[in-house]
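Please take me through this structure in a viewer, one selection after another, and tell me what is to be found at each stop.

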Amino acid sequence: MPTSYDSDRLKKANSANILHPASVVADVATKGPRIIATGKGCFITDTDGKRQLDGVGGLWCMNIGYGRPEIGDAMKKASDQLGYFHTFGGHSNPAQIELAERLVAKMPDHINKVFFGSSGSDANDSLMKIVWYYNGLRGKPEKRKIISRKQAYHGTTIASASLTGLASFHRNFGLPLTEVKHTSLPHYYREGKPGESEQDFSNRLARELEDMIIAEGPETVGAFIAEPIMGAGGVITPPEGYFPAVQKVLKKHDILFICDEVVCGFGRLGDWFGHRVYDIRPDMIATAKGITSGYFPLSAAFISDDIWNVLRDGSATLGAFAHGFTYSGHPVGCAAAMANLDILENENLIGNAAEVGAYLHKSLAEALGDHAHVGEIRGHAMIGAIQLMADRDTKTGFDLKHKIAARCVAAIGELGVIYRPLPTADSIAFSPPLCLTRGEADQMVDALHKGFHQVMGNLS
Ligand code: PLP
């Protein structure tokens, strides 16, 4: 592939032919896209030659860093050997078998089965359907409702967009599905009451969850879904005691816990998985993104032995498990995932995420933590967000119509670093590749500091 492009021609052709995901349709059509051409390590370069440090790792997924030839080598080998064969009707391929073995070894003892797909959305969709299938087989077909959380992001298919708790993903689509309910957002900084301790806040949220379950009827609620740290919904770290309190309620009412590790999995929290950091004992786990660091669209959805046993025993009555995708267990994707795991393991990138991530958080706190317009800097290891506040003493946010987060991100981008305004529009997110060095962390902090002060200095 050439590394110099006719950027103007590409932009015109793009505007003529492409409907972009999660973009303002008219804006892309008139202003044109930004076209990313190459990447190396933590840096990307566009077709106009602009190079930036990618402080958000693509869409929270670029864990090993850009331009690693090992992934391409592995994919080429898998493509040359076979390219593709389906996995329906009991077919398999060596790559998915080896990947499954390696992934399951990293899971809790009670989770030993994996179902492959192509995206985080389809992983959550599949798990939601498996909840229904499993409860049907257990003679509880009415146990179908899934409780998610306000502001959460779990994808954009019909089912996963319903699990998502952001109004913009429901509006104009007639969503959410009636089976999906949303319980309280566990953001202590914004939702905690004056004088309420973090543990008391968690206990209150667990009570609210139980009230919802009782109001809906526990016999109608099949599962609860949550990320260990809520990513796109605000980078919300769980308050003290939150997951233990929630899990107690779920257990009491025979409700499954789906842990969405699409962002947190594969090292972003400085450990292989977020459920290990926050002591969650999930029944089902959704992963994607970091499983190939975005080099190939692949998802892996995991189920517990208890669920598997019910599915296995159900074969006699139901016959085939009538769910799956053309690309389930794709050999090229599985080979990419294995090369990605090799890099994560051999280069200790997860240890680096813990170490450099802690350094990044500390440096950001020193640079901006006391600023009058910064409410909190939250997150863990290689994920975080800066909460912007018009008045931090009274905890009053900026009027969202002024788009302060987006303006900061634009100013920081001009200084060579990509951050991201969150969908809530009141915070700036970061989730750099796990290979970030301390020097690159300094560059992220420096650009944020300067870009942030530029915008704050121009507030009228
Ligand atoms: N779950 C979480 C937590 C996510 O952040 C995302 C995407 O950002 C998804 C699911 C959906 O993944 P995909 O965009 O691959 O469908």
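**First stop: M382**

Select M382, which touches R268, N352, A353, V356, G357, F430, S431, P432, P433, L434 and L436, leaving out residues up to four places away in sequence; contact here means heavy atoms within 4.5 Å. The model is a predicted one, in which local features need pLDDT of at least 70 and side-chain atom pairs count only at pLDDT 80 or more, while totals for chains, interfaces and linings use all residues. Residues are numbered from 1 along each chain as its sequence is written, and side-chain values use heavy atoms, with hydrogens and water left out.

M382 sits in the loop between β11 (374–380) and β12 (383–388), where helices (H or I, at least four residues) and strands (E, at least two) are DSSP runs numbered from the N terminus. With a relative accessible area of 0%, M382 is buried; buried means under 20% relative accessible area, exposed over 50%, and partly exposed in between, with a 1.4 Å probe and protein chains only.

**Second stop: H361**

Next, select H361 in helix α14 (residues 349–368). Is H361 buried or exposed? H361 is buried, at a relative accessible area of 14%. Its side chain reaches the backbone oxygen of A381 at 3.0 Å, a polar contact being a pair of N or O atoms within 3.5 Å, where within protein one must be able to donate a hydrogen and the other to accept it, and residues adjacent in sequence count only if both atoms are side-chain atoms. Not counting residues up to four places away in sequence, H361 touches R378, G379, H380, A381, I383, G384 and F430.

Select the ligand and show the residues around it, which are S119, G120, S121, N124, Y153, H154, G155, E227, D260, V262, V263 and K289; a residue is near a molecule if one of its heavy atoms lies within 4 Å of it. Helix α6 (residues 120–137) gives the most to this shell, with three residues. An oxygen atom of the ligand is 2.9 Å from a polar backbone atom of G120, and a ligand oxygen is 2.6 Å from an N or O atom in the side chain of S121. For K289, an N or O atom of the side chain is 2.8 Å from an oxygen atom of the ligand.

Stay on K289, which lies in the loop between β9 (284–287) and β10 and is partly exposed, with a relative accessible area of 24%. K289 has a positive phi of about 35° although it is not a glycine.

Select helix α5 (residues 94–104), in which A95, Q96, L99, A100, L103 and V104 are buried. Seen down the axis of α5, these buried residues fall within an arc of 145°, so they line one face of the helix; the arc is that of the directions from the helix axis to the C-beta atoms. The face turned away from the buried side carries the exposed residues P94 and E101. What covers the buried residues of α5 includes β4 (111–117), β10 (299–304) and α13 (331–346). At the N-terminal end, N93 caps α5, with a side-chain oxygen 3.2 Å from the backbone nitrogen of A95.

**Last stop: backbone angles**

Most residues other than glycine have a negative phi, and most peptide bonds are trans. Select L175 and P176, which are joined by a cis peptide bond with omega of about 5°.
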